[in-house]
Amino acid sequence: MKSYITTPIYYVNGKPHIGHAYTSIVADIMKRNREALGYEMMLSTGVDEHGQKNQEAAADLEMDVNAYLDMRCKEFKDVFDQFGVSYDYFVRTSRDGHKTAVAGMEQTIFDKDLIVKKQYTGTYCKGCEEFKKESDLTEDGQCPLHPTMKVETTDETNYFLKLEPFREKLLQHIDDNPDFVQPEAFKNELKKMLAEPLEDLCISRPKSRVTLGVELPFDQDFVTYVWFDALANYLTNIGWPENGYEDWWAGCEHLIGKDILKPHGVYWPIMLMAAGLPLPKKLSVHSHWVGAGGVKMSKSIGNTVDPEEVAEKVGIDGLRWYLARHMRADSDSQISVDLIIQTFNSELGNKIGNLLSRVAKFSNKNFDGKVPAPGALTAEDEALRKTVLDAVAGFGAWIDMADIPAQVQKIVEAATAMNEYIDQQAPWSLFKNEETRERCATVLYVTLDCQRVLFEALRQVIPASSGKALAMLNAPSAETPWKPELDRLPGGNPLGELGTLFPRVQ
Ligand SMILES: [Zn+2]
């Protein structure tokens with residue numbers, strides 16, 4: 001079984017921001033989830049190195065364009081490495097194999113008379129690198145996504161891909177494959193985009209204006225429009241057009257933010273249909289992060305969240321935890337450094353980390369450095385074990401992107417239940433009397449084994465900390481495919497070296 005997850009490739013005209021970190025971290029969580037189920041995985045992420053914006057960013061810094069791209073590419077790669085994103089393929093669209101394949105796809109479509117050359121006068125947003133219809137613009141005639149950039153009127157000859165011949169077929173595909181676009185809200189949005197006849201898509205830029213791009217195979221005065229070039233990465237990463245890509249492609253899932261639904265939900269499927277290729281399996285769409293109070297993040301307000309700065313404060317897993325836990329399925333979600341620190345302290349610190357260190361330290365001190373061996377279980381013990389097993393069950397099954405926050409929420413509830421159990425059972429008192437010492441051992445064992453189950457599941461979300469926790473418990477390595485199971489922590493087993501998992505952040 002093969003599963004191929006892609007993130008968008010990011011424009012390198014600035015440093016990686018929280019949105020980039022989010023999609024790539026979520027992709028990593030999903031990869032770890034599929035791996036735990038026994039899938040063979042491919043995860044691609046990377047950078048889009050073409051287009052006018054990159055060309056201008058290099059010029060602004062008075063840098064050679066290749067040196068500029070190398071620098072930005074390294075920055076993005078370093079950030080994803082730092083965040084524990086276990087990508088298998090890091091995309092650079094400047095790669096020769098990619099450029100040849102893009103040109104091949106264009107030639108195929110051109111030969112079918114689906115690409116036409118024509119003169120076009122229109123309003124152009126450099127931020128989107130896209131022509132805009134009047135209905136796309138704000139009341140004062142600007143791009144709603146780039147209000148400060150000022151749209152330009154452009155009058156030029158370009159090549160266009162015919163979209164309309166495929167509109168009905170694409171709508172049919174969406175109806176026939178209910179899982180093709182998820183969640184529902186974005187599927188409906190996409191269907192709205194396809195409700196009216198589609199204008200031809202401009203797929204070229206004259207070299208007189210843009211030089212950084214893939215030259216059109218049928219006209220050397222033009223380079224390929226960035227979206228056409230960028231979208232093709234999803235195929236070229238897995239070796240298309242050479243044989244061997246088919247199995248990966250059949251299990252392909254694209255993760256995207258809602259702002260790029262149109263290129264991925266309209267342009268890309270139609271490019272594929274025009275080239276005679278099958279569509280990807282799924283498009284998973286997420287909303288955006290906004291500042292505290294629902295205010296859009298901006299440098300001038302000072303409410304942007306720099307992922308690297310956050311990671312310095314709460315660690316990579318503190319950041320991963322917040323991102324996994326708080327993105328809502330179909331509306332924008334709030335993020336700020338304060339919210340991340342609060343969540344880190346109250347959930348990872350107080351609820352999850354403290355419990356492990358209290359129980360493990362007490363066992364270590366009073367049971368000879370070992371996991372206490374349990375006696376007979378009570379109804380309370382069994383109830384807690386069931387709660388924990390139910391809570392992590394989702395991580396033993398396929399998790400859709402939109403379901404990640406709910407699954408993490410269940411873990412928090414299980415941790416709350418464990419804390420309540422410990423407070424009620426009070427092993428510290430049970431230990432004081434000889435007669436209740438066996439009961440104390442059982443309570444500690446039940447808690448430690450439940451924690452093992454919890455952290456085995458959390459390897460999918462916060463892998464580094466979970467690895468540390470499992471090492472403290474000296475837990476036997478979990479099998480693949482992974483299933484949550486009780487009693488895999490042997491009683492009488494020595495504990496590992498203990499430490500603090502999530503030190504409190506001020
Ligand atoms: Zn724009």
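**Notes on the model: cavities, zinc site and strands**

1. Let's start inside: the largest cavity holds about 60 Å³ of space. A cavity here is a set of points, on a 1 Å grid over the protein atoms alone, where a 1.4 Å probe fits but cannot get out. The volume is the space filled by probe spheres set on the points, with grid points joined across faces, edges and corners. Counted this way, there are three cavities of 30 Å³ or more.

2. Before going on, some ground rules. This is a predicted model, where local features need pLDDT of at least 70, side-chain atom pairs count only at pLDDT 80 or more, and totals for chains, interfaces and linings use all residues. Residues are numbered from 1 along each chain as its sequence is written, and side-chain values use heavy atoms, with hydrogens and water left out.

3. What lines the largest cavity? Tyr-22, Val-285, His-286, Met-327, Arg-328, Ala-329, Met-401, Ala-402 and Pro-405 do (lining residues have an atom within 4 Å of a point). They divide into seven nonpolar, one polar and one charged; Ala, Val, Leu, Ile, Met, Phe, Trp, Tyr, Cys and Pro count as nonpolar, Asp, Glu, Lys and Arg as charged, and the others, Gly among them, as polar. Domain 1 (2–286) and domain 2 (308–472) each give at least three residues to this lining, with bounds from an automatic or database domain assignment.

4. Now the zinc ion. Cys-125 (SG), Cys-128 (SG), Cys-143 (SG) and His-146 (ND1) coordinate the zinc ion at 2.1 to 2.3 Å. Cys-125 sits in strand E4 (residues 115–125) and Cys-143 in the loop between strand E5 (130–132) and strand E6 (152–161), so this pair, 18 residues apart, links distant parts of the chain (strands are DSSP runs of E, at least two residues, numbered from the N terminus). Along the chain, the zinc donors follow the spacing C-x2-C-x14-C-x2-H; donors are N, O and S atoms within 2.8 Å of the metal (3.2 Å for Na, K and Ca).

5. On to the sheet: six strands form an open one in the order E3-E2-E1-E12-E13-E7, with parallel pairing. Strand E3 (89–92) and strand E7 (181–182) are at the edges with a single partner strand each, so one side of each has no neighbour in the sheet. Strand E1 (residues 2–11) pairs with strand E12 (residues 252–257) over three bridges, and Ile-5 has Glu-253 as its bridge partner in E12. Pairing takes at least two DSSP bridges between two strands.

6. Finally, an antiparallel spot. Strand E10 (residues 215–216) pairs with E11 over two bridges, and a hairpin of two residues joins them. Leu-216 stands opposite Asp-219 in E11.

Key:
Helix = DSSP H or I, 4+ residues; strand = E, 2+ residues; numbered from the N terminus. 1 Å grid on protein atoms, 1.4 Å probe; cavity = no way out; pocket = protein on both sides within 12 Å on 5 of 7 lines; lining within 4 Å.
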